[in-house]
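Have a look at the sequence and the structure first.

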Amino acid sequence: YEILNFEGRKIAEKSFGKRSFDPHELRNENIVIVPPAGLRGAFNAVVSLRTPEKAYSAVFYAGILNKGGKPTPRVGIELGAMQNTNLIMPYYTDFRIGAVRIGWNPLTPYAWGNDVTTFDAAEAFHRAGVRVMIACYGVDILTKKDDYKKRLAEAVKKLKGKIEYYESINEANLIPSLNPKSNVEAIRILSETVRKIDPEAKIAGPASCGTDLAWTESVLALGGAKYLDAVTEHPYRRSPETPDYALECQTWRKVIDRYKKGLPHYASEAGRCNEAVLPENRIDDFSRQQCALDVRNILQSFAGGTERYMQFVFSAWHPGTVYNVMFRGNGANNGTPVPTPTMYAMRALIDRLEEAKIVRRVRFGSDYRCYIFDHGEKRTAVIWKWIGKPVKIRFPQADASSMTGYDFMGSSMKTDSFFLNAYPRYLDSALSAAEFEKLLVRGIRIESNSKCFDVSFAVTGE
C-alpha cells in the first residue's frame, strides 16, 4: 500500500511480498495500514495488487484527528434542515466545532425544518456545550407582525436559556421589498420580543450577504446598533485575497465602533460547494481548491479581527454538488456520511489557533499572506502563497530550531525548508511577535525551476 497526503504526495508505502493463487481461487486477507506518526487530517490509502499482466487497486479516504480538545465557539457550522441530531453531534464535538447556526421561520417552519427538529436540535446542541444561534428567516416579522411575534414568543419561552443569539432577517439586503430602515424595524421587533422573555439572549444582525458594508452601516446609523449584540455578515466571495477580506474586516471594525464601540463582528454564514462523493475515493483537485478557499477565508476573517466564523453548511443527506462540509455515504461504507477535507482543515485551524488574537501582518508581497497570532505563552504564524507556482522557503538551522511546524491538515512538518502554496502552513514559536517577524522575513524563498539571485540598491537623491 501507499499513503498519499491531502496534497496527493506519497508519504509512506509498504510491500507485503508475493502471493500465489490457484486458478479461480477466492481469498480474504486482512492487512494493517500504519500511517506515519505525525499524520493528521484527510488522506488516501491506496492498496494495490500487481500481476505480470495487470495491476488492481482500491482507494480509501480517511482522516486522523488529535485526541481531545473542547469545542470552541470561535468556529461554527450552520446546520442543514431536517437533520438527525444523534447522527451529526459527534462530528461537531470531535472536530471541536463550538457554535451552530440553525435557520427557522416561525410561520413557515417546513421551509427550514419543522418546530420539532429545529427545537430538538437547538436543545441537543446546548446540552453538548455548542453555542446556538437561531437565524430567523423571511419577512413575516414585518408583513404578519402579530402572528409572527406570537409564534416567536412561544419559541423563546420553550428555548429560554438555551439560545445564545437570535439573528434578524437572513440576508435582508437581497430581499427587494426591504431597505435599511425596514431592516432596523425588524431588528427592533425581534429584540423587544426576545428580551421580554429571555433577557440573557442576544440579538445579531443584519446578516447582510456579500460583505455589504454600505447596507450594514445604514442599518447601524438608522438606530440598529442599539438593538444589536453582534454585527453579522456573510462573506461569500470568489477569493479571500482579492479584494483582501482581512483589510475589509479592519474597515468593518472602524465602522462598527463609530456606532457602538466594541460590538462584536461575526461572519455568520459563508462557504463553498463540494462534491457529493469523491471520484474513486481520491481527494481531487476540486476538493483541494474548495477546501483551501474556505479555510483561507476563515483565516482572513480572523486576521481582520472578527470574533466568530460560521461555515455553511452541515448536512448528512444533501444530494449533488452543493454547499456542504460532508460527503454523502456510498455502498462501500454502508451509506455513512463522511467529513470533507474542509472539516479536517477546520479542525487543524482550531487546534493551531485556539483563541489566539491577531497581532501582526508580515508583508511578503502581494502573492503571499502571513499573519502572527498571539496565545500569550507563544505565537503562531500562518503563511501561504495564494497565487502562482509553489515556492520553497528555507530557514537557517538556528531559526528553524526555534519553530514547530504544521501543514494545512495539522500534520507535523520540518521547519528548515518547506513549500509555500495555496494551503496555509502553521509555525509556532516562543519568540515575541517582532522577533518572529524578523525571523520569517529572513527565510529564503526559491521559485520552482528558477535561479536565486541577490539585488541591492541605494537611494542617491530625492
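## Rings, prolines and helix packing

Counting ring pairs gives 16 aromatic pairs in what is, keep in mind, a predicted model. One of them is the edge-to-face pair of phenylalanine 6 and tyrosine 423, with 5.2 Å centre to centre and 85° between the planes. Phenylalanine 6 and tyrosine 423 are both buried.

Tyrosine 423 has another ring partner, phenylalanine 408. Here the centres are 5.7 Å apart and the planes are at 35°, so this pair is tilted. Phenylalanine 408 comes from the loop between strand E21 (404–406) and strand E22 (412–413), and the pair links distant parts of the chain, 15 residues apart. Phenylalanine 408 is buried, as is tyrosine 423. Elsewhere, ring pairs join Tyr91, Tyr92, Phe125 and Phe314 into a cluster.

Is proline 424 buried or exposed? Its relative accessible area is 0%, and with the cut-off for buried at under 20%, proline 424 is buried. Which residues does proline 424 touch, leaving aside its neighbours within four places in sequence? The contacts are Arg296, Leu299, Val382, Ile383, Trp384, Asp407 and Phe408. Take isoleucine 383 from that list: proline 424 and isoleucine 383 are 41 residues apart in sequence, yet their C-alpha atoms are 5.4 Å apart in space.

Next, the backbone. As a reminder, most residues other than glycine have a negative phi, and most peptide bonds are trans. Which peptide bond is cis with omega near 0°? That is the bond from glycine 205 to proline 206, and proline 206 is part of strand E9 (residues 202–209). A cis peptide bond also joins threonine 242 and proline 243, with omega about -10°. Proline 243 is in the loop between strand E10 (230–234) and helix H7 (245–259).

As for positive phi, arginine 96 has a value near 65° without being a glycine. Arginine 96 sits in the loop between helix H1 (85–94) and strand E6 (97–104), and its relative accessible area of 6% makes it buried. Glutamate 280, not a glycine either, has a positive phi of about 55°. Glutamate 280 is in the loop between strand E12 (273–274) and helix H8 (285–303), and at 65% relative accessibility it counts as exposed.

On to the helices. Two packed helices are described by the angle between their axes and the distance between the axes.

| Helix pair | Axes come within | Crossing angle |
|---|---|---|
| H5 and H6 | 9 Å | roughly 60° |
| H6 and H7 | 9 Å | roughly 15° |
| H7 and H8 | 7 Å | roughly 35° |

Start with helix H5 (residues 180–197) and helix H6 (residues 213–221), whose axes cross at roughly 60°. That angle makes H5 oblique to H6, and the crossing is right-handed. Pro180, Asn183, Val184 and Ile187 of H5 make the contact with Trp215, Ser218 and Val219 of H6. By class, the contact has five nonpolar, two polar and no charged residues.

H6 also packs on H7, with axes crossing at roughly 15°, and that makes H6 roughly parallel to H7. The crossing is right-handed. Leu213, Thr216, Glu217, Leu220 and Ala221 in H6 meet Thr251, Trp252, Val255, Ile256, Arg258 and Tyr259 in H7. By class, this contact holds seven nonpolar, two polar and two charged residues.

Finally, H7 and H8 cross with right-handed geometry. What meets what between them? Tyr245, Ala246, Cys249 and Gln250 of H7 meet Asn297, Gln300, Ser301 and Ala303 of H8. The contact of H7 with H8 has four nonpolar, four polar and no charged residues.

Key: Residues numbered from 1 in each chain as written. Predicted model: local features only at pLDDT ≥ 70, side-chain atom pairs only at ≥ 80, totals over all residues. Heavy atoms only, no water. Axes fitted to C-alpha atoms, helices over the stretch in contact; angles between N-to-C directions. Helix = DSSP H or I, 4+ residues; strand = E, 2+ residues; numbered from the N terminus. Parallel < 35°, antiparallel > 145°, perpendicular 65-115°, else oblique. Left-handed = near helix turned anticlockwise from the far one by under 90°. Contact = heavy atoms within 4.5 Å. Nonpolar A, V, L, I, M, F, W, Y, C, P; charged D, E, K, R; others polar. Phe/Tyr/Trp six-rings, centres within 6.5 Å; stacked < 30°, edge-to-face > 60°. Buried < 20%, exposed > 50% of the residue type's maximum accessible area, 1.4 Å probe, protein only.
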